[in-house]
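Please look through the sequence and the structure shown here before reading on.

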Amino acid sequence: MLNRVVLVGRLTKDPELRYTPNGAAVATFTLAVNRTFTNQSGEREADFINCVTWRRQAENVANFLKKGNLAGVDGRLQTRNYENQQGQRVFVTEVQAESVQFLEPKAAGGTNQNSGTYNQGGQQNNQNQYNSNQSNQQHSNQNQEDPFKNAGQPIDISDDDLPF
């Protein structure tokens with residue numbers, strides 16, 4: 001059996017961060033996801049999908065995502081129900097986000113601090129940090145002479161020396 005959801009959309013409002021009585025952080029937010037087709041009048045419609053994330057990831061989402069930010073969500077669908085104050089049974093379907101990716105870089109004066117990916121354990125795979133390290137490495141390598149630069153000659157290497 002498979003229950004997998006992958007979404008890319010924009011937040012319709014700032015995420016709401018709350019804490020359970022046990023102290024676990026939970027953030028809720030809604031993504032507006034464009035449909036791939038247009039309606040009869042030629043306009044593109046969107047679906048508004050409720051998402052929930054927990055613990056460290058919830059705190060990161062609340063701190064770094066704001067209304068209008070582009071985000072990617074990987075998770076699963078979950079349904080729940082409860083009885084409202086009028087005694088009616090209410091059914092809710094939402095995405096339990098296991099991974100949230102911040103898909104826009106920090107804008108000048110913006111609130112998005114980085115463009116990383118946080119998984120359920122709260123570990124960050126920060127693309128900006130990788131790009132920064134790569135840029136620094138390239139800058140330091142410019143000071144060293146590249147033995148293959150402008151050589152234009154074929155490289156003599158045996159098949160035994162190749163790692164593949």
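The sections below describe this model one topic at a time.

## Basis of the model

This is a predicted model, in which local features need pLDDT of at least 70 and side-chain atom pairs count only at pLDDT 80 or more, while totals for chains, interfaces and linings use all residues. Residues are numbered from 1 along each chain as its sequence is written, and side-chain values use heavy atoms, with hydrogens and water left out.

## Overall fold

The protein chain has two helices and eight strands, where helices (H or I, at least four residues) and strands (E, at least two) are DSSP runs numbered from the N terminus. Along the sequence, these elements follow the pattern β-β-β-β-α-β-β-β-β-α. Of the 164 residues of the protein chain, 27% count as buried, a term that stands for under 20% relative accessible area, with exposed meaning over 50% and partly exposed lying in between (1.4 Å probe, protein chains only).

## How the strands pair

Two strands are said to pair if DSSP finds at least two bridges between them.

S4 and S6, by contrast, pair in the parallel sense over two bridges, and Cys-51 has Val-95 in S6 as its bridge partner.

Thr-53 lies in strand S4 (residues 44-54), and it counts as buried because its relative accessibility is 0%. Gln-57 has its place in helix H1, and Gln-57 is buried, with a relative accessible area of 0%.

A polar contact is a pair of N or O atoms within 3.5 Å; within protein, one must be able to donate a hydrogen and the other to accept it, and residues adjacent in sequence count only if both atoms are side-chain atoms. The side chain of Thr-53 reaches the backbone oxygen of Ala-97 at 3.5 Å, and the side chain of Gln-57 reaches the backbone oxygen of Ala-97 at 3.0 Å. A polar atom of the Gln-57 side chain also lies 3.4 Å from the backbone nitrogen of Val-100.

## An aromatic pair

A search of the whole structure finds one aromatic pair, where rings of Phe, Tyr and Trp (its six-membered ring) pair if their centres lie within 6.5 Å, and planes under 30 degrees apart count as stacked, over 60 as edge-to-face and the rest as tilted. Phe-64 and Phe-102 form this tilted pair, with 6.2 Å centre to centre and 50° between the planes. Phe-64 lies in helix H1 (residues 55-64) and Phe-102 in strand S6, so the pair ties together parts that are 38 residues apart in sequence. Both Phe-64 and Phe-102 are buried.
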